[in-house]
Amino acid sequence: MHGFANPKRFLSLASLLTPIFLIGGLLVSAGALWWGLTQVSPDRLMGETVRILFLHVPAAWLGMGGWTAIALSSLVFLVWRHPLAALAARAAAVPGLVFTLICLITGSIWGRPTWGTWWVWDGRLTSMLVLAFLYVAYIALAQAAEREGVSARIPAIFGLLGAINIPIINRSVVWWNSLHQPPSITMGQSAIDAEFLVPLLVAVFGFSLLFAGVVLARMRALLADVQAEARLRRRAMEAV
């Protein structure tokens, strides 16, 4: 971990992995969506609407996974003071927000024919909406900290505190009487038929690769900005 915290080593590895993750993620995700949308049989109860599963579930997992990445990166930054950890947290925020919004939108579309309404203040839906607000607040806080020259510890602490919402999202359908269905996949078990489960797992893998590629690309861009700003400051000091 300490070795890859070196910016040069990180950039050399990231420049290699970014196109692999992005291209691989796009191909695998597209293939999984084609499989799920065109080759899987309609569900006995939900009919054709079940096909939104192949976008909704990966988006939900990556929405939560994005904040998990923020929390872990924030912890590394607070404990070991690795600047790249703070950049990793910032880089994961925007794609995490995008997947969270996709989850909310597709869930609303799915809920309309299933529940007869676009939205209910269900435990799972409400906690996922809170996650979207947390992402927006974190992005604004991180940008303000950078702009004002405030310590990155502040958004890092916020990233850790916001992680409290992740287990709430995960267990909300168990803790409260919920319209949302209970967990279909648990440790070592699945209530989903293999016809749906296999393309779903492929979709999760593909979107995860895409997420990782976007995070690496954003980290490279953020690191380039930091290095460019440092060079400008050095030249300004030399001019004085």
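Where does Arg220 lie? Arg220 lies in helix 7, residues 194–239. The model is a predicted one, in which local features need pLDDT of at least 70 and side-chain atom pairs count only at pLDDT 80 or more, while totals for chains, interfaces and linings use all residues. Residues are numbered from 1 along each chain as its sequence is written, and side-chain values use heavy atoms, with hydrogens and water left out.

The protein has seven helices and two strands. Both kinds of element are DSSP runs numbered from the N terminus, helices being H or I with at least four residues and strands E with at least two. Read from the N terminus, the order is α-α-α-α-α-α-β-β-α. Of the 240 residues in the protein, 41% are buried; buried means under 20% relative accessible area, exposed over 50%, and partly exposed in between, with a 1.4 Å probe and protein chains only. Among the contacts with a separation of 6 or more, 77% join residues 24 or more positions apart, where contact means heavy atoms within 4.5 Å.

Leaving aside residues up to four places away in sequence, Arg220 touches Phe10, Leu11, Ala14, Ser15 and Thr18. With a relative accessible area of 31%, Arg220 is partly exposed.

The aromatic residues come next. A pair of aromatic rings is described by the distance of the centres and the angle of the planes. Rings of Phe, Tyr and Trp (for Trp, its six-membered ring) pair if their centres lie within 6.5 Å; planes under 30 degrees apart count as stacked, over 60 as edge-to-face and the rest as tilted. The structure holds six such pairs. One of them joins Trp67 and Tyr138, with 5.9 Å centre to centre and 75° between the planes, and is edge-to-face. Trp67 lies in helix 2 (residues 53–80) and Tyr138 in helix 4 (residues 123–148), so this pair ties together parts that are 71 residues apart in sequence. Both partners are buried: Trp67 has a relative accessibility of 0%, and Tyr138 has 3%.

Trp67 also pairs with Phe158; the ring centres are 6.2 Å apart and the planes stand at 70°, so this pair is edge-to-face. Phe158 belongs to helix 5 (residues 153–162) and Trp67 to helix 2, so the pair ties together parts 91 residues apart in sequence. Phe158 is partly exposed, at a relative accessible area of 24%. Ring pairs link Trp67, Tyr135, Tyr138 and Phe158 into a cluster.

Trp67 and Phe158 also take part in a helix contact. Two packed helices are described by the angle between their axes and the distance between the axes. Axes are lines fitted to C-alpha atoms, for helices over the stretch in contact, and angles run from 0 to 180 degrees between N-to-C directions. The axes of helix 2 and helix 5 come within 8 Å and cross at roughly 130°. The two helices are therefore oblique to each other; angles under 35 degrees count as roughly parallel, over 145 as roughly antiparallel, 65 to 115 as roughly perpendicular and the rest as oblique. On the helix 2 side the contact includes Trp67, Ile70 and Ala71, and on the helix 5 side it includes Arg153, Pro155 and Phe158. The residues of this contact divide into eleven nonpolar, three polar and one charged. Ala, Val, Leu, Ile, Met, Phe, Trp, Tyr, Cys and Pro count as nonpolar, Asp, Glu, Lys and Arg as charged, and the others, Gly among them, as polar.

Helix 4 has a contact with helix 6 (residues 165–175), their axes coming within 8 Å and crossing at roughly 160°. These helices are therefore roughly antiparallel to each other.

Thr100 is in helix 3 and is buried, with a relative accessible area of 0%. The loop between helix 2 and helix 3 (83–115) holds Arg81. Arg81 is not a glycine, yet has a positive phi of about 65°. It is partly exposed, with a relative accessible area of 49%.
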